[in-house]
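Biologist: I would like to learn how to read a few features of a model like this one. Could you take me through them slowly?

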Amino acid sequence: MAKADFEVPELKEYPEIPSITPGVMAHSRPFIAKPEHQEPLHFPGELVDNWQEKAIAKMGELQGKYRSLQVYLDSCVKCGACTDKCHYFLGTKDPKNMPVARQDLYRKVYRRYFTFAGKYFPKLVGAVDLTKEVLDDWYSYFHQCSQCRRCSVFCPYGIDTAEISMAAREVMDSIGVGQKYCNEIIGKVFRIGNNLGLPEPALADTLEGLEEDVEDETGVKVRYPLDEEGAEVLLITPSADFFAEPHVDGLIGYGKVFHQAGISWTLSSAASEAANFGMFIGSYENMRRVSLRIREAALDLGVKRIVFGECGHAWRVAYSFLNTLAGPFDFLDPRYPVPQHICEVTHDLIQRGALTLDKSANDDMVLTYHDSCNVARASRMGNKPGGQFSIPRDIIKASCNHFVDMAPDTIHDSTFCCGGGGGLLTDDLMEIRVKGAMPRMQALKQVVEENGVTHMAAICAICKSQFTKVLPYYGFSMDKIVSVHQLVSNAIVLGDKE
Ligand code: SF4
Ligand code: SF4
């Protein structure tokens, strides 16, 4: 079991609503961005002098721009339905991690400056001034929200705390209080093309190595092309797929699927990253700048289709916003959706009998599946409602003989976040990441004990990285997490179809 310098939550037999411990996570704060992380994103380098005035003006601007934000701020009736739905509250017991309380950090300031009652009778309506103490609370608790939207599923008004967290982060960035992890990464995407700062020669080298490994293992020359003009498909995938475990096994799988289906494809060194951290910081401008790289790469390479690899929030941005941010994509083949998910491609090929899968290749595993929140609650897949739940499961079941779902209230749109989404996948937030993973770990433990589950599959790079890190804190081995396309890769029969 991994050692922690904080208390790791105990996994109980049944989920329990904890008694509250006020302020227990107030100390959890990610590193603040330095001027060199802020400025490339067009944010002030440090806290500006007239920060209160600027922050309030920004709040007003966002309320005008995003009408949903205004509605969410006005419509909460304090029914309490969301209070026990956040994994960070369940894992930390801190009442400010209840979704309604998190929203209230913003709402109280909103009331003070933007409502009649708040301006003249602040105490009566719980309105507060935007003080440095309040700003510190914002920085702490809006970085304890993974923007997973679980709370919104249970709110009778559909209030989306994720959107309020995004707005709070955008306000903080605009006055010079950004988060180092997210902003440094976005800067790397602008400078180099991906989150990890991998330059073109490193990518080319890695892909060449993959080709050699796959040929050694299978005897088949499967290609992993980079910057190949005229390919049919441009694959946009998280940079973790290039080398991290278990991500790279997924990339190997995508290549085998394209090879076997006879689809020419390429990666791009200029757009070598699916992730779009602009969403985590609520910055439309930066989300757009990141998305435009994909459009430019597609035009430069002359591809006909854009396909996204296994990355949860990248798919949320791609599915929900890519056409608005970087469209129109009228230069692509109109017979395919823009964009497409790699799971849609593989699923379609399986349905059409274009792939042969030997399920026994995965007989050493009993699988379960973790629905990643951004796929489950913020996007869809395929042309049927619920495709984001059924398509990955269909692929797993076509590739493996042994599959078991976790408890119904922890999957599909009730899925629990891995604990590391929303820009929290950084070591300076290890405590909140481990504690926030507790509800998922509890559901996993149940199927491990009752059904002999040995591995959990996922289609999100953040989930895979987060689980690799937090599984050992709960007594599981880090290799329990696998890519869905790793299972396809194991099972796919390469070569001529019989
Ligand atoms: S969006 Fe997710 S992390 Fe944020 S408050 Fe709601 S349940 Fe918690
Ligand atoms: S469930 Fe919705 S209305 Fe009820 S307290 Fe939570 S945010 Fe407010």
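Modeller: Let us begin with residue classes: Ala, Val, Leu, Ile, Met, Phe, Trp, Tyr, Cys and Pro count as nonpolar, Asp, Glu, Lys and Arg as charged, and the others, Gly among them, as polar. This is a predicted model, in which local features need pLDDT of at least 70 and side-chain atom pairs count only at pLDDT 80 or more, while totals for chains, interfaces and linings use all residues. Residues are numbered from 1 along each chain as its sequence is written, and chains are lettered from A and ligands numbered from 1 in the order in which they are written.

Biologist: By class, which residues does the shell around ligand 2 have?

Modeller: The shell around ligand 2 has 10 nonpolar residues, one polar and one charged. A residue counts as near a molecule if its C-beta atom, placed from the backbone, lies within 6 Å of it, and the residues around ligand 2 include C76, K78, G80 and Y157.

Biologist: Is N323 buried, exposed or partly exposed?

Modeller: A residue is buried if 20 or more other C-beta atoms, placed from the backbone, lie within 10 Å of its own, exposed if 12 or fewer, and partly exposed in between. N323 has 14 C-beta neighbours inside 10 Å and therefore counts as partly exposed.

Biologist: Which residues does N323 touch, not counting residues up to four places away in sequence?

Modeller: With contact meaning C-beta atoms, placed from the backbone, within 7 Å, N323 touches F329 and V338. In space, N323 and S291 are 9.5 Å apart, C-alpha to C-alpha, although 32 residues apart in sequence.

Notes: Two residues are in contact if their C-beta atoms, placed from the backbone, lie within 7 Å.
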